[in-house]
Amino acid sequence: MNEIPEIEEIRSASEKQECRRVFVMKKALNLFPPVCERILRDEKSIEMMRAVNASLAVINGLFVTNCLTIIAYKLSIPFVLTGSEILPSLHRIPWNPSIFPNSFLSSSDKMTYSEKLISTLVAIVDYTILSIGAPTHSVKTYAKDKPDISFIDLLHQAQFFLIEKDVLLDYPLPQLPNVRYVGGLAAKHSLPLKGGLLNFVNASTNGIVVVSFGSNINDFPAVQLEKLQSALKQIKYDVVWRQKKTSFSHKNIYISDWVPQNDLLGHPKTKLFVTHCGNSGQFEALFHGVPMLGIPLFTDQFYNSRRMTEKGYGLSLDIENFTPKELIEKIKELIENKTYSEKIKRASEIFHSRPEYPSKKSARHIDHILKYGGEYLKSPCQESRLYEFFMIDVLAPIFVVISLLIYLTCLIGKKCLTIFCKKKTKTD
């Protein structure tokens, strides 16, 4: 009987977490269309862009900013789409949803049957609904002098796709000639630390744990913050914690509302990165070979946390249900068990062994598109109709013919059986 309140408490916390995810997504989806509307109707800014006479536009392909492709269309500028996640329904890579996971689902490429089913259903929805981020009105409304075109057909006109993923951190993924994975665009070599932060790090004898949740730390309820504070002040390591100004302080914790995260991760005294699993932060940890403790908050961060643990680069923690003791134990495990650091350092070594970093690789592809265009790299499937892409026009007649053959076979079999039974009756 004593366990029932604990179960109810866990269930309640889980429901709260799910509700918060849904709330954040709904808020984002409701927030961006009006912003997009204002940008697309800002003729002064558009004319300023026209005056630049650009040869190519590089646009983030996520739903937040993909409406900007209308400006490129209006100005007759070819465009390249970038982003940490560009949905397969857009770049049209032949994509088996039971093998290649969706970034908005926290599953790996080793799915259970139920995960395969959910992933497939989500893929069907993704391919059939109107593209997320579509403007309030038709493309023709904003580009009156251009031929009418649907928003999804406009997105399919992208010359090239640069997607911030990498097999070292993500799962092996397929690609077409005009799709390249360039995960780690923001990762770079660290610079020397300065000021009070440098003094704090230099004074550390056991090593540094970097804690950063970006600007999302303000979303944490007081109870979660108290548990984080309780755990971090008990560990033997020194902590650099990016957090909004607070009255909380402890001798082993350096708190600031901004820290040079990349420079800290590149410091030789850094032992661990406690992160909300943002894509850029994870690639910085990979770049410098630092194990991670993932505490995801919403959207693709749960997927990012899962891929990191699957690779053996760290462990994850549920922000709603963890205890200070659990956090302390996981920090100790990640630092003292060298398996985690060895795996991510090996991945980091492979990352650095490549002939060029993602930023240079991206620049090379953009230069190529500027010089030669990207039409010759496109597969016909990227501009085909959905029924053609899924081969419905091919499979439907085959299905009809097979069904007809089965029907005729059954009909003939039934007729033959009837004749045989009649002859047998007469014989008897």
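Start by selecting Ile-402, which lies in helix α17 (residues 392-427); helices (H or I, at least four residues) and strands (E, at least two) are DSSP runs, numbered from the N terminus. This is a predicted model, in which local features need pLDDT of at least 70, side-chain atom pairs count only at pLDDT 80 or more, and totals for chains, interfaces and linings use all residues. Residues are numbered from 1 along each chain as its sequence is written, and side-chain values use heavy atoms, with hydrogens and water left out.

Ile-402 counts as partly exposed because its relative accessibility is 44%; buried means under 20% relative accessible area, exposed over 50%, and partly exposed in between (1.4 Å probe, protein chains only).

Next, select Cys-36 and Cys-67. Their sulfur atoms are 2.2 Å apart and form a disulfide (a pair of cysteine sulfur atoms within 2.5 Å). The pair links distant parts of the chain, 31 residues apart: Cys-36 is in helix α1 (residues 3-40), and Cys-67 is in the loop between β1 (57-60) and α3 (69-74). Both Cys-36 and Cys-67 are buried. A search of the whole structure finds 1 disulfide.

Two loop residues come next. Asn-53, in the loop between α2 (43-52) and β1, has a phi near 60°, a positive value in a residue other than glycine. Arg-92, in the loop between α4 (88-91) and α5, also has a positive phi near 60°. Most residues other than glycine have a negative phi. Which of these is buried, and which is exposed? Asn-53 is exposed, with a relative accessible area of 64%, whereas Arg-92 counts as buried at 4% relative accessibility.

Move on to helix α5 (residues 113-128). Its 16 residues reach 23 Å from the first C-alpha to the last, close to the 22 Å expected at 1.5 Å a residue; the expected span is 1.5 Å times one less than the number of residues. The buried residues of α5 are Ser-119, Ala-123, Asp-126 and Tyr-127. They lie on the same side of α5 because they cover an arc of only 90° around the axis, taken from the directions from the helix axis to the C-beta atoms. On the face turned away from that buried side are the exposed residues Tyr-113 and Thr-128.

A salt bridge is a side-chain nitrogen of Lys or Arg within 4 Å of a carboxyl oxygen of Asp or Glu, and the structure holds 16 of them.

The last stop is Asp-166 with Arg-354, whose side chains meet in a salt bridge (2.5 Å, N to O). Asp-166 lies in the loop between β3 (160-163) and β4 (179-181) and Arg-354 in the loop between α14 (338-353) and α15 (358-372), so the pair ties together parts that are 188 residues apart in sequence.
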